[in-house]
Amino acid sequence: MLAFLLRRLASLIVTVWLATIVVFTVLQLVPGDPALLMLGVNAQPDTLAALRSQMGLDQPILTRYLDWAGGLARGDLGVSLTYARPVAELVVERLTVTLPLALLSLAISTVLALPLGLYAAARRGRGGDWAVLGFAQLGVSMPSFWIAILLILLFSLTLHWFPAGGFPGWGGGIGPALHALVLPALALAVPEAAILARVTRTAVLDTLGEDHVRTARAKGVGRTAVLLRHALPNALIPVATVLGLQISFLVAGAVVVENVFTLPGLGRLLYQAIGQRDLIVVQGVVVLLALFVVVVSALVDIACALADPRPKGVSS
Amino acid sequence: MRRQLPLSLHLGAVLTLLLVAMALLSLLWTPYPAEQVRVIARLKPPSAAHWLGTDHFGRDVLSMIMVGARNSLSVGAAAVGLGLLGGVPLGLLAAGLGRWGDEVVARLGDLVFAFPAVLTAILLTAAVGAGAINVVVALALFNAAVLARVTRGAALAAWRRPFVGAALALGRGPLSVTLVHVLPNIAGIIVVQATVLFAVAIVNEAALSYLGLGIQPPSPSWGKMLGDAQTYLFTAPLQAVFPGVAIALCVMGLTMLGDGLRDWLDPRHRSSGVM
């Protein structure tokens, strides 16, 4: 077990290191002078020189990488050109929108998917099963940003239950802020729930065929109790694995959905930074999101390995 | 022995073929030129003249959806094609080379998976400007990583089978064994995965074009159409429906085709409906 943990940690460190190199290198592809690209052709020569020096463009590339990576390790992501504030500060501020949005959508998708998957497994081959599978097929086929637009059409413009966009901030109380996050979270949650419901159904069906479940049934334990107490807990490992894999889709989805609802989160910050040619923000936010995906995947991997009683194989 | 084809294979194949046919037809004919602007006919609801109505520039929505199908499928095909070209040889190599090759391919995969395709495309856009090429590159990288992993797993299993051992014992070299015995045996698994990745590519292309980072106007794309429609949700709500239906049908067709193919190739999966 310790060997597995060490291996996983080593590969995590290598991936993190490579990811910083990738982000740094790709942004060196900017044709011409990045400072000129960011400030535009009408920039004053002294402003340009100041930015070049701030970005370290007068330094050799290796020094620049080491400076940047060193800053990253200390939590210093540079200063945004557009906002004239440290990128780390902007990120923390925007996380107060993105993190609750991601957590809310994870919660909604899990609350929707587990009962649906369990129900479908219990009604295997019957109407209820087909209905759940139909929902799942529809859910995976609809992109989250289209679901978002449809939700705005129905719940904001027609029924006036939820705002069509914007975020009031947490200062005005939890109620209005959560209210603004419901539709975006739902848009993100539906495709996730569709995938999770299918995985839950399959995992439960697989465990229903296992010996300990059949023994429980033979001993006279009721159908529902077997499902809840024996099949579901065992099915949670594959479900958690898929949930971990979905983190990367959740990050990508949040970038798009935040823009549908003009939510001032990390995704919106990143998107606007491209328009504003604020490469320092792009570099900082992209590397943080990539690190987030890597770390969460590793944690899920480790958690599943710890929960799974079977012998540990070689990680793929 | 002939096995009955699964229903999802039929449905998926029909849907996909219809969309491909529509995309091909758009090369020869569309009801109106897809980029023709007619401001006097802007935001019209569906009618006999414009079956799906017109957009905010008075362009015919049906024509745009037809050309959009061509654009989406082209981006998807390029992303999957390049992914196959990169990923399959890498996966075969990893399986053939043993521990070291394996480790390198696994770490490369981890690295690619750290960047969701949308993030890679954003990074590329920041560096070199917006365009469909970024989308293709970002999706192809992701696809190559997935396909390398799937190919490696399937090839490792194939290498352990008796007929491969027999071929090796008969003096065949590893390259010839890989091409003649391993690859044909795992081709089915690769095709299934490629079909699913095609569907994922369609969704990602639409999302990036919605953000204005994918296919650039005036060339129509389903994602961009939805982005434009959002501005006119009050006056022309249906414009936010049709392109979305096109995306959903396309993705549904491809995923059902993938599911059906897998069930057909591996009947053990049939009853469980695993994804």
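This is a short tour of a predicted model, with a residue or region to select at each stop.

**Chain A as a whole**

Begin by selecting chain A and colouring by secondary structure. Chain A has 12 helices and zero strands. Its C-alpha atoms fill a box of roughly 85 × 55 × 35 Å along the principal axes. Of the 316 residues in chain A, 46% are buried. Among contacts in chain A with a separation of 6 or more, 70% join residues 24 or more positions apart.

Now show the surface of chain A. Colour the charged side chains next: chain A has 21 positive and 16 negative ones, and the centres of the two sets lie 15 Å apart.

**Aromatic rings**

A pair of aromatic rings is described by the distance of the centres and the angle of the planes. Over all chains, the whole structure holds eight aromatic pairs. Select Phe145(A) and Tyr210(B), whose ring centres are 4.9 Å apart. Their planes stand at 35 degrees, so this pair is tilted. Phe145(A) belongs to helix α7 (residues 144-158) of chain A and Tyr210(B) to helix α7 (residues 174-210) of chain B, so the pair joins two chains. Are these two residues buried or exposed? Phe145(A) is buried, at 1% relative accessibility, and Tyr210(B) is buried as well, at 11%.

Go on to Phe155(A) and Trp161(A). The ring centres here are 5.6 Å apart and the planes are at 35 degrees, so this pair is also tilted. Phe155(A) has a relative accessibility of 19% and counts as buried, because the cut-off for buried is under 20%.

Then select Phe24(A), Tyr65(A) and Trp68(A), which ring pairs link into a cluster.

**Backbone stops in the loops**

Most residues other than glycine have a negative phi, and most peptide bonds are trans. The next three stops depart from this pattern.

Select His160(A), in the loop between α7 and α8 (174-208) of chain A. Its phi is positive, about 60 degrees, although His160(A) is not a glycine. His160(A) is exposed, with a relative accessible area of 59%.

Move to Thr262(A), in the loop between α10 (223-260) and α11 (266-275) of chain A. Thr262(A) has a positive phi near 40 degrees and is partly exposed, at 40% relative accessibility.

Finish in chain B. Which form does the peptide bond from Pro217(B) to Pro218(B) take, cis or trans? This bond is cis, with omega near 10 degrees. Pro218(B) sits in the loop between α7 and α8 (222-231) of chain B.

Terms used:
Residues numbered from 1 in each chain as written. Chains lettered and ligands numbered in written order. Predicted model: local features only at pLDDT ≥ 70, side-chain atom pairs only at ≥ 80, totals over all residues. Heavy atoms only, no water. Helix = DSSP H or I, 4+ residues; strand = E, 2+ residues; numbered from the N terminus. Buried < 20%, exposed > 50% of the residue type's maximum accessible area, 1.4 Å probe, protein only. Contact = heavy atoms within 4.5 Å. Lys, Arg positive; Asp, Glu negative; His and termini not counted. Charge placed at Lys NZ, Arg CZ, Asp CG, Glu CD. Phe/Tyr/Trp six-rings, centres within 6.5 Å; stacked < 30°, edge-to-face > 60°.
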